[in-house]
Amino acid sequence: MVKVLWFIPSPRDFVLFKWWMEKVDFVDRLIVKYKPSHIAYTQGVNFFLSKDYDYLLISSDDILATPFHVELLLEDIEKYKFDVVGGWINYDFNNPIGYKYASLTFKPPRGFNPKNPLSIHSARQYPYISMRDIVTGNWETPLIKVWFNGLALTMIKRWLIEKTKLQPFRIIRDMLFERGIMYDVKFSSECEALGVDYMVDLRCFCLHFGDTRKFVRVNKEKPYVLFIPAKGEPIKLEGNS
C-alpha cells in the first residue's frame, strides 16, 4: 500500500470543499491556510520530503474532490505505478468563453518559453480542450497522456517532488500581496523535459469554482497549518485556527 500525503494550499474558505475533504479520511492531509502560495507550497513540499511518503497528492481549495476521486487515483498508482496521474477540471464556468473548456491540454501554451516567465500573459494562449469534445469523445481508455491538467487533484511520485520542488513559473504582486503563480505550467514543462508521461484519468472530473480571487483571505485571517492523519484527529502544527 502506497503512502500518500494530500497537500492543500488553502487561502480561501469554501464549506463545500471542507465537507468533502473531511470525508477523505483514508490518507494523511496537510492544509496550509491563509498563506501566499509560494510560502504555502514550500511548507507543503518540505513537510512531504521530511516524511516517508511515496506520493504527494495536490489540489487547491477551489475544486470539489470526493473520496471516490481520491480512491480512483490510488487505484491508478497501485496498478500502473505512474509517476504522475491526475483528474481534470472545467476552466471557469463564470467566464463567457471559458465555461466551454476544460483546464486540460495536449500541447504547451502558444508562445511558451520555459526560460521566460513573461512568455505566458493570457489564458487565451492555452490550447484548452472543449468540454464537449471530452464528454463526447470515443476514448479507448480513461487514462490519457496530456501536457497540462492545471494540477487538478494530481498524484506525483516522490522522486519528481525531490527533483522539481513544485516551484512557481513567476512571482507577481496583486491583491495587495506577493504570490507565486503558474505552478502547473512549470511542473508540466519539467515533466516534459524529464521525459515523464503526464497521465489523466478521465473518470476523475472535479468541479472547479472558477476565478475565486475575491474570496482569498490572505492578510485578512491568521495563517495556520493543520495536519490530519488518516483516521486520526487534526494536529495543529502552526498558528491558530
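Strands here, at least two residues of DSSP type E, and helices, at least four residues of type H or I, are DSSP runs numbered from the N terminus. The model is a predicted one, in which local features need pLDDT of at least 70, side-chain atom pairs count only at pLDDT 80 or more, and totals for chains, interfaces and linings use all residues. Residues are numbered from 1 along each chain as its sequence is written, and side-chain values use heavy atoms, with hydrogens and water left out.

Strand β7 (residues 154-157) and β5 pair in the antiparallel sense, over three bridges. Two strands are taken to pair if DSSP finds at least two bridges between them. With strand β10 (residues 198-208), β5 runs parallel, and five bridges join the two. One of the residues involved is Trp88, whose bridge partner in β10 is Phe205. Six of the six residues of β5 are buried, so the strand is largely enclosed by the rest of the structure. Buried means a relative accessible area under 20%, exposed means over 50%, and partly exposed lies in between (1.4 Å probe, protein chains only).

Gly86 lies in β5, which covers residues 84-89. Gly86 counts as buried because its relative accessibility is 0%. When neighbours within four places in sequence are left aside, Gly86 is in contact with Leu73, Asn149, Ala152, Leu153, Thr154, Met199, Val200 and Asp201. Contact means heavy atoms within 4.5 Å. The C-alpha atoms of Gly86 and Ile156 are 8.5 Å apart in space, while the two residues are 70 apart in sequence.

Leu73, one of the contacts of Gly86, is among the buried residues of helix α3, together with Pro67, His69, Val70, Leu72, Leu74, Asp76 and Ile77. An α-helix has 3.6 residues a turn, so residues three or four places apart point the same way. Helix α3 has 14 residues (67-80), which at 1.5 Å a residue should span 20 Å; the end C-alpha atoms are 20 Å apart, so the two values agree. The expected span is 1.5 Å times one less than the number of residues. Lys81, which follows α3, has a positive phi, near 60°.

Ser188 counts as buried because its relative accessibility is 2%. Residues up to four places away in sequence not being counted, Ser188 touches Trp147, Phe148 and Tyr198.

A search of the whole structure finds 15 salt bridges. A salt bridge is a side-chain nitrogen of Lys or Arg within 4 Å of a carboxyl oxygen of Asp or Glu. One of them joins the side chains of Lys35 and Glu238, at 2.4 Å from N to O. This pair links distant parts of the chain, 203 residues apart: Lys35 is in the loop between β2 (28-33) and α2 (37-49), and Glu238 is in strand β12 (residues 235-239). Lys35 is buried, at 12% relative accessibility, whereas Glu238 is partly exposed, at 31%. Asp201, another contact of Gly86, forms a salt bridge with Arg203, with the closest N and O atoms 2.8 Å apart. Asp201 is buried at 0%, while Arg203 is partly exposed at 44%. Arg12, Asp61 and Asp62 are linked in a network of salt bridges.

The search of the whole structure also finds 16 aromatic pairs. Rings of Phe, Tyr and Trp (its six-membered ring) pair if their centres lie within 6.5 Å; planes under 30 degrees apart count as stacked, over 60 as edge-to-face and the rest as tilted. Phe14 and Phe209 form an edge-to-face pair, 4.9 Å centre to centre with 90° between the planes. Phe14 lies in the loop between β1 (4-10) and α1 (15-23) and Phe209 in the loop between β10 and β11 (224-228), so the pair ties together parts 195 residues apart in sequence. Phe47 and Phe227 form a tilted pair, 5.3 Å centre to centre with 45° between the planes. Phe47 is in helix α2 and Phe227 in strand β11, and this pair links parts of the chain 180 residues apart. Both Phe47 and Phe227 are buried. Tyr91, Tyr126, Tyr128 and Phe148 are linked into a cluster by ring pairs.
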